[in-house]
Amino acid sequence: MDLDLKGKTVLITGAGSGMGQHMALGFAAEGARVAVNDINANGVAKTLAMLREAGGEAVDATADITDLDAVNTMVQKVASTLGEVDILVNNAAVLANHALFLETDPAGCEREIRVILHGTMHCSRAVLPGMIERGGGRIVNIATDAARVGQEREVSYSAAKGGVIAFTKSLAKEVGRHNVNVNVISPGATNSPMRIGLQEDLRKKLGDEAWRAREAKVMRLYPLRRIGEMEDITNAVLFIASDAARHITGQVLSVNGGFAMVG
């Protein structure tokens with residue numbers, strides 16, 4: 001299937017590493033022009049180098065997405081260099097706490113909400129006027145199935161992602177009349193750098209044998225008997241951002257190997 005993304009301008013937040021970086025490479029492979037956002041300038045530089053080495057057209061969009069003025073400036077820069085944003089992927093997230101809620105740092109909880117929820121809202125606010133004026137656009141928000149079914153030790157992270165889901169559904173009702181589609185891709189456990197790091201910490205804490213036994217137990221919770229890979233998420237994002245998904249809006253697509261079958 002030709003996704004017809006060639007020449008589209010895509011802004012991806014949190015693209016300095018991990019899942020966002022993988023998405024950036026995926027869009028570039030489809031011929032899209034990619035604006036690489038992250039607060040980590042070194043990460044942005046690394047992603048840009050990878051994109052350009054692969055022959056992609058890309059621009060540095062380093063900015064703190066919790067700052068609306070910075071976001072507006074970023075979007076203006078992207079428009080002046082690559083063209084108006086056709087597709088926004090709100091991927092940036094931070095997991096500041098991995099502990100029981102009463103043991104978490106309130107400042108870390110607030111940071112998770114600011115980056116995940118407020119950042120998504122700020123970036124959407126910045127690109128939507130142009131999309132509406134041009135009569136179309138795509139916004140793809142990255143959530144997590146933890147926001148749909150709950151996850152201990154990730155309470156504020158899940159709450160922020162749950163807010164993203166509610167924001168998506170409400171915004172889709174407002175902007176659909178302008179041919180702007182707003183959807184959520186909701187990954188389950190995925191072998192991203194974030195998960196790999198958490199698993200390494202857990203392996204050190206439990207020991208190899210206990211960790212392997214735990215992983216085997218986790219795997220049995222997945223009907224497909226596998227943990228997701230980053231390309232599973234990228235493929236879903238590419239599809240939902242394309243005209244092949246033109247009649248889909250306000251939806252949550254779980255990419256989770258069947259772990260949670262939420263109606």
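Of the 31 residues in the largest nonpolar core, those touching the most other members are Ile 12, Phe 27, Val 89, Ile 185 and Val 237. A nonpolar core here is a set of buried Ala, Val, Leu, Ile, Met, Phe, Trp, Tyr and Cys residues joined through side-chain atoms within 4.5 Å. Buried means under 20% relative accessible area, exposed over 50%, and partly exposed in between, with a 1.4 Å probe and protein chains only. Two or more residues of this core come from each of β1 (9–12), α1 (18–29), β2, α2, β4, β5 (137–142) and α9 (230–241). Helix α9 gives the largest share, seven residues. Helices (H or I, at least four residues) and strands (E, at least two) are DSSP runs, numbered from the N terminus.

Leaving out residues up to four places away in sequence, Val 237 touches Met 23, Phe 27, Val 89, Val 140, Ile 142 and Ile 185; contact means heavy atoms within 4.5 Å. In soluble globular proteins, nonpolar side chains tend to be buried together.

The model is predicted: local features need pLDDT of at least 70, side-chain atom pairs count only at pLDDT 80 or more, and totals for chains, interfaces and linings use all residues. Residues are numbered from 1 along each chain as its sequence is written, and side-chain values use heavy atoms, with hydrogens and water left out. pLDDT is the predictor's confidence in each residue, from 0 to 100. The protein has a mean pLDDT of 95, with 100% of its residues at 70 or more. Confidence is lowest in helix α7 (residues 193–206), at a mean of 84, and highest in strand β4 (residues 87–90), at 99.

Val 78 lies in helix α3 (residues 68–81) and counts as buried, at 1% relative accessibility. Not counting residues up to four places away in sequence, Val 78 touches Thr 9, Ala 35, Val 59, Ala 61, Gly 83 and Val 85. Between the C-alpha atoms of Val 78 and Ala 58, 20 residues apart along the chain, the separation is 9.6 Å.

Asp 38 is placed in the loop between β2 (33–36) and α2 (41–53). This residue is buried yet has no salt bridge, and the nearest side chain of opposite charge, Arg 111, is 8.6 Å away. The side chain of Asp 38 does reach the backbone nitrogen of Asn 40, at 3.0 Å. Beyond its neighbours within four places in sequence, Asp 38 is in contact with residues including Gly 14, Ser 17, Val 44 and Thr 62.

A salt bridge is a side-chain nitrogen of Lys or Arg within 4 Å of a carboxyl oxygen of Asp or Glu. By this rule the count is six; the table lists some of them.

| Glu 215 | Arg 195 | 3.2 Å |

Glu 215 lies in helix α8 (residues 208–219) and Arg 195 in helix α7, so the pair ties together parts that are 20 residues apart in sequence. Glu 215 is buried at 11% relative accessibility, and Arg 195 is buried at 13%. Asp 232 is partly exposed at 24% relative accessibility, as is Arg 226 with a relative accessible area of 37%. Salt bridges that share partners join Glu 200, Arg 203 and Asp 208 into one network. Within it, Arg 203 is partly exposed at 25% and Asp 208 is partly exposed at 39%.

Note on methods. Lys and Arg count as positive and Asp and Glu as negative; His and the chain ends are not counted. A polar contact is a pair of N or O atoms within 3.5 Å; within protein, one must be able to donate a hydrogen and the other to accept it, and residues adjacent in sequence count only if both atoms are side-chain atoms.
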